[in-house]
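Subject: Handover of a structure, with findings

Dear colleague,

Please find below the structure that I am handing over to you. My findings follow it, grouped by topic.

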Amino acid sequence: MNEFTGLSAARVHEYTKKGLTNRVPDKSSRTIGDILRANILTRFNLLLTVLAVVVIIIDGSPLNALFGLAIIINSGVGIFQELRAKRTLDKLAILSAPKVSVIRDGRILEIGVSEVVQSDLIQLKLGDQIVVDGEVLDSSELEIDESLLTGESDPIFKHVHDQVLSGSMVVAGGGVMRADKIGAASYSFELTHHAKKFQRANSELVSDTNKLLRWISWLLVIVAPILVFGQLQLDYSDWRSAIVHATAAIVGMIPEGLVLLTSAAFMLAVVQLARHKVLVQQMPAVETLARVDTLLLDKTGTLTEGNIRFEAVILDDEKNGAKVHAALATIARRQSSPTNDAITSALKHIKPQPFTREIPFSSARKWSAIEIAGHKWLFGAPEVLFAKHRQLKMFQDAKVIAAGGKRVLALVEVGAWTEAGEVPNAIQPAALVVLSERVRRDAAKTLRFFAEQNVVIKIISGDSPLTVGAVAAAVGLGNIKVFDARDLPDPTKSSAQAKKFTQLINTHNVFGRVQPEQKRQIAEVLQKQGHVVAMTGDGVNDALALKKADLGIAMNSGSPATKAVAEIVLLDNQFAHLPHVLGEGRRVIANIERVANLFVIKNVYSLVLALAVTVAGLVYPYLPSQMMVISALSIGVPAFFFALAPNRQLYRAGFLLRVLKFAVPVGVVAALAMLLTYSINLSLGVTRAAAGTSVSIVVMLIGFMVLVILAHPVKAWKLGLIFACALAFVLTLVVPSIANVFHYELSLVALPWTFIISAAAIVLVNLISQIMLHKNDAH
C-alpha cells in the first residue's frame, strides 16, 4: 500500500471548507429543542392548561387551579431527566466512537468517521465497518460481508474497481478504497447511524402504557361533556361552582404523572448503567434487559480477558525449525489480531519472509494460507486442517492440549491449494502453536448470578470444542454438554435438518468451531421457541448474531462493526457488569407496573364516581384543590420514589392485563365507598363541605392501603414514606389555616360512617390483592 499517497493536507482543508465531509446531522442524542417540545407539548399538558385557565377565569382564585402545577413539575422533571441522560450518552458515545484509517500525504492516519472527506483513501482491515461508499483501489484477498444490507450471508470477494457499500464489514483480507459517496449520500446512512440514535423507549412496556393513555383520552372525550352537563343541571348557587366541581372530576381522570415516571425510570436506568461504564445505544434495550431468558456468550473477551498469551511452538521435526518459525512470523505479521499479535511478539526476533500468494484468515474457513519460496503453508484450526487425517499424532496432541483449556493452532505444509477454501487431501504436519487466555476472575460469580435468575447460558465460540468445554468448566457452568458445530446440520436445507438443528441446540450448552452464520442461526432458533435472547461478542464474526439477537452486547475493545450493531457496549470490557444490566431492566419494568397501578386506580374511581354522581343527581364531592391533595399524597409523591427504587422482581409477561386486573376492581371499590360515604353523610344532614371531606378521607385511607400492598417487599423507607404522606394529609385536615385553604371541614357526625365504610373497603381491597396479585405470582 506504499504506492498510495492519498490526499494532501491542503486538499483535505479545501474539501472540509466546502463541506465535503462525512459529517452528518448528529443523531447520537435528541436536541434540546426536541426534549423541550416532547415534555411540554403533550395532550394532557394542554388539557390541564385549558382547565386551569378556565377555573381561574370562572372562580377568580388560583387556588382551585393549583393542579396546573403538575404541568410545571412533570415537564420540569422530565426535561431534567432527559438532559441528564443526553449529557451522559453524549460523553460515552465519544468513548466508543469508531475510527477510520486514511492515507494522507503518504502516511496512515487514524481519524474519526465524520472527518473523512470526499476522495479520501481508506485503509480496510479485518473487523472494520465500511463507513462510506466507494471503489476498491487495492485488494489483498479482501472479503466483505454485506448481510446487514442485503441479507446475503456469504462473504463476497472484492477486487480492484469493485464497489463497496457503507454498512458492510471486512471479514477477511484487507485493501484500500476511495471515498466516493459520503455523509447523507452514502447507501446506509440511516442504518449506520440508527445504532447511535437516542430515542424514547419504543417497547412493549411503553406501547402498553400508550394504549392505556389512548383509552383514557377517549373516555375523557365521552365522559367530560356528560359530567359538565349533569353538574350544570344541579342546584348550585351559580353555574361557576358547577364548572369548578366538574373540573375536579376531569382532573381526577387525567394520569398526569404516568408518562413522566415511565420516562424517568428509563432515563435513570441509562444513567445508572453509565456509572458502570455501560453505554445504552438504543433506549428499548433497557426493557429488553429484563425480558432476557437466554444468554449466548462468546468465549474470548467475555469469559476470558481477551489477552492472548503465547505459550509454545511444538515442532513436528526439529530440523525444519527455522523454516517453520519464519513461516509463522510472516503469517502473523500479515493481519493484526490478538492471536497474531501474540505470535508476532514471541517471534519478533525472526524476520518475515517475502511471499508470493496468500489467503487471509476468515472465521468461516478457520484458516489462512501463504506461499513463501515455493512452500505453501496453511495455518488455523487443527480440527479443520486435520479433518481427513485425525489419526496423525499431531492432531491427537492438539486434542490433549485443547482439553486443558489452551488454544491450539496448527501449521501444515501442502503441495497445492484451491481457491474454494478447501484443505487439500495431502498435508504435512509442521507445528502446533499453543496459546492461552486468562479466565476472568469474576466470570464464575457472574454465571452463578444468571443461573440464580433462571437465565439459560450457552457458550458459542469459534475455538476448539475441547478448549471451550475446559473454559466452561473453569467458570463453573453447570451440566456441561459440548458439541462441535461443524457437525450441526444446515437448518436451511430441509425441515428435518431444521428440527435436528433445534434439538441439538436445546440439548447442548457449549458449542465450539461455530461459524458466524451458525451463531446467527442459533439465536434465531431460540427466538422462534419464544426465548428472549441476548448475545455478547467482540469480533466481526459475532456481528451477525448480535444483530439477530433481541439484545446485542459488545465489548468496547471489539471490532467497529460489532459495536455498531450492538444495543449495549461495555466500555471497560467487564463481563461482570451484565448483572447490573439485567437488574436495571428488571427494576424499570417492575417499578413502572407498580406506578401504573396507582394511576389507573385513580382514573377508575374518578370515572366511576363522576358517572355515579351524575346519575344520582349529586354535586361532585370535592374541589380541584382537594383532588390535587389526593393526587399528590396518595399517588404522585409515593409513585415518584417507587418508580426509581431498586427492584429485582423477575420479569413476567402481560403487564397491561395484570395492571387492569388489579386496578379496575380496586378503583370500582374505592368509587362505591366514596359514593356511599357521601350519600350517607348528606342524609345525616352534614354540610356538603363536610361530606366532601369525608369522601377525601375514605379515598386517602384506601390509597394508603394500596401503597402498602404495592410496597412489597416492605422496606423501612417505604413505610416511612407512606407514614409521611399520611401525616401530611392529617395536617391538612386538622390545622385550621391549612384546612381553610383547601375547604376541608371535619364533622364528628360524619366520621363514624366514614371510618366504617373505609374499613370495609380496605378489607375488600386486600381480598382483591390476595386474589389478583397472588394469582399473577402463580403464573
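This is a predicted model: local features need pLDDT of at least 70, side-chain atom pairs count only at pLDDT 80 or more; totals for chains, interfaces and linings use all residues.

In what follows, a residue is called buried under 20% relative accessible area, exposed over 50%, and partly exposed in between, with a 1.4 Å probe and protein chains only as cover. By that rule, both Phe742 and Tyr744 are buried.

Residues are numbered from 1 along each chain as its sequence is written, and side-chain values use heavy atoms, with hydrogens and water left out.

Aromatic residues

Rings of Phe, Tyr and Trp (for Trp, the six-membered ring) pair if their centres lie within 6.5 Å; planes under 30 degrees apart are stacked, those over 60 are edge-to-face, and the rest are tilted. The whole structure holds seven aromatic pairs. One of them joins Phe640 and Phe641 edge-to-face, at 5.6 Å centre to centre and with 90° between the planes. Phe640 is partly exposed at 27% relative accessibility, and Phe641 is partly exposed at 41%. The pair of Phe742 and Tyr744 is tilted, because the ring centres are 6.4 Å apart and the planes stand at 35°.

The charged end of Arg365 is placed over the ring of Trp367, 5.8 Å from its centre. Arg594 lies over the face of Phe642, at 5.5 Å from the ring centre.

A nonpolar surface patch

Phe723, Leu727, Val730, Leu731, Val734 and Leu746 make a nonpolar surface patch of about 540 Å². Patch residues have over 30% relative accessible area and no salt bridge; like charges are joined within 9 Å, and nonpolar side chains (Val, Leu, Ile, Met, Phe, Trp, Tyr) within 5 Å. A salt bridge is a side-chain nitrogen of Lys or Arg within 4 Å of a carboxyl oxygen of Asp or Glu. The areas come from the Shrake-Rupley method with a 1.4 Å probe, and for residues only the protein chains shown count as cover. Leu746 is located in the loop between helix H27 (736–741) and helix H28 (751–778).

Helices (H or I, at least four residues) and strands (E, at least two) are DSSP runs numbered from the N terminus, and two strands pair if DSSP finds at least two bridges between them. Strand S19 (residues 533–537) is largely enclosed by the rest of the structure, because five of its five residues are buried. In a regular strand the side chains alternate between the two faces of the sheet. In S19, Val533, Met535 and Gly537 are buried on one side, and Ala534 and Thr536 are buried on the other.

S19 pairs in the parallel sense with strand S9 (residues 294–297) over three bridges, and Leu296 has Met535 as its bridge partner in S19. S19 also runs parallel to strand S20 (residues 551–555), joined by four bridges; there, the partner of Met535 is Gly552.

Asp550 lies in the loop between helix H20 (543–548) and S20 and is partly exposed, with a relative accessible area of 33%. Asp550 and Ala285 are 265 residues apart in sequence, yet 8.4 Å apart in space, C-alpha to C-alpha.

Strand S13 and its partners

Strand S13 (residues 375–380) is mostly covered, with five of its six residues buried. S13 pairs in the antiparallel sense with strand S12 (residues 367–372) over six bridges, where Ala369 stands opposite Leu378. The two strands form a hairpin with two residues between them, and Ala373 in the turn has a positive phi of about 50°. S13 is also antiparallel to strand S14 (residues 407–414), over five bridges; Trp377 has Glu413 as its bridge partner in S14.

Positive phi angles in loops

Most residues other than glycine have a negative phi. Arg513 has a positive phi, near 55°. Arg513 belongs to the loop between strand S18 (510–512) and helix H19 (516–528), and is buried at 5% relative accessibility. Asn573 likewise has a positive phi, of about 60°, and lies in the loop between strand S21 (568–570) and helix H22 (578–616).

Yours sincerely

Key:
A charge sits over a ring if NZ of Lys or CZ of Arg is within 6 Å of the ring centre and within 35 degrees of the ring normal.
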